[in-house]
Amino acid sequence: MMRERLRTAILISGRGSNMGALIEAARRPDYPAEIALVLSNDPAASGLEAAKAAGIAVAAVDHRIHAHREDFERSMDRLLEIHRIQFLCLAGFMRLLTPWFVARWHGRLINIHPALLPAYKGLRTHERALADGVKIHGCTVHYVVPAVDDGPIVAQAAVPVLDGDTPQTLGRRVLTQEHRIYPLALRLIASGAAVMADGVVRIAAADQEGSRALIQPLDS
Ligand code: GRF
């Protein structure tokens, strides 16, 4: 018998293209996670419409009507409980999370970052990579810890930086890979192939081929 699918919520603030990639992947009946809720801090986030159109339950918890960050997070947490959510994916979620929330979801909360961590934490990653003249750039899915853009790495993909790249062209190349590694990372975790221990994620040998195939600059 197939094990229960991991009830996952995606937290967004904007267009939600990574959310779309996760929803698409989870359509397959053999995918080990289901997207049970899409939640945004911004009721106007365009990703909410897309999720609704895909038949997913959506909700918004407007951070602006909460006096304190923790109140906002407690409201979100209540909703997550109502929907019996077991796992969270941040996908362009633009609110900093408090240590309380991060601790509460420890080991059950991942994020995607548009750079090869631990390089280029923070914002404007493509612009900064271009300014430094790096030749390889990429994206990372990682577990969330209290420090921003830090935490055990689940999956990464590299892309070449090409002559004449702008932050936009480079960003598009990275985004294509984001849409591949986010569903891969969630699959590895939900199936039990990826296990976090001592601050590092280990991937079961049988599943490593798929992740290795992503580290191919020529592929992108
Ligand atoms: C992505 O580049 C992601 O890496 C970053 O925010 C962006 C969100 O894009 N965390 P989208 O909303 O998933 O299209």
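Two strands are taken to pair if DSSP finds at least two bridges between them, and in this predicted model strand E2 (residues 33-40) is joined to E3 by three bridges, the two running parallel. That pairing belongs to an open sheet of seven strands with mixed pairing, whose order is E3-E2-E1-E4-E5-E6-E7.

**Sheet**
- Strand E3 (58-60) and strand E7 (153-160) form the edges, and because each has a single partner strand, one side of each is left without a neighbour in the sheet.
- From one strand to the next, the twist averages 20°.

- Helix H3 (residues 69-82) lies across strand E1 (6-12), E2, E3 and strand E4 (87-90), and its direction makes an angle of about 150° with E2.
- Helix H6 (residues 167-190) lies across E1, E2, E4, strand E5 (109-113), strand E6 (136-143) and E7, running at about 155° to E7.

**Ligand site**
- The residues around the ligand are Arg 15, Gly 16, Ser 17, Asn 18, Gly 92, Ile 112, His 113, Pro 114 and Glu 178.
- A backbone N or O atom of Gly 16 lies 2.9 Å from an oxygen atom of the ligand, while an N or O atom in the side chain of Ser 17 is 2.5 Å from an oxygen atom of the ligand.
- Glu 178 also takes part, with a polar side-chain atom 2.8 Å from an oxygen atom of the ligand.
- The ligand taken alone exposes 370 Å², of which the protein buries 84%.

How values were computed: Residues are numbered from 1 along each chain as its sequence is written. This is a predicted model: local features need pLDDT of at least 70, side-chain atom pairs count only at pLDDT 80 or more; totals for chains, interfaces and linings use all residues. Side-chain values use heavy atoms; hydrogens and water are left out. Helices (H or I, at least four residues) and strands (E, at least two) are DSSP runs, numbered from the N terminus. Axes are lines fitted to C-alpha atoms, for helices over the stretch in contact, and angles run from 0 to 180 degrees between N-to-C directions. Contact means heavy atoms within 4.5 Å. A residue is near a molecule or strand if one of its heavy atoms lies within 4 Å of it. A polar contact is a pair of N or O atoms within 3.5 Å; within protein, one must be able to donate a hydrogen and the other to accept it, and residues adjacent in sequence count only if both atoms are side-chain atoms. Accessible areas come from the Shrake-Rupley method with a 1.4 Å probe; for residues, only the protein chains shown count as cover.
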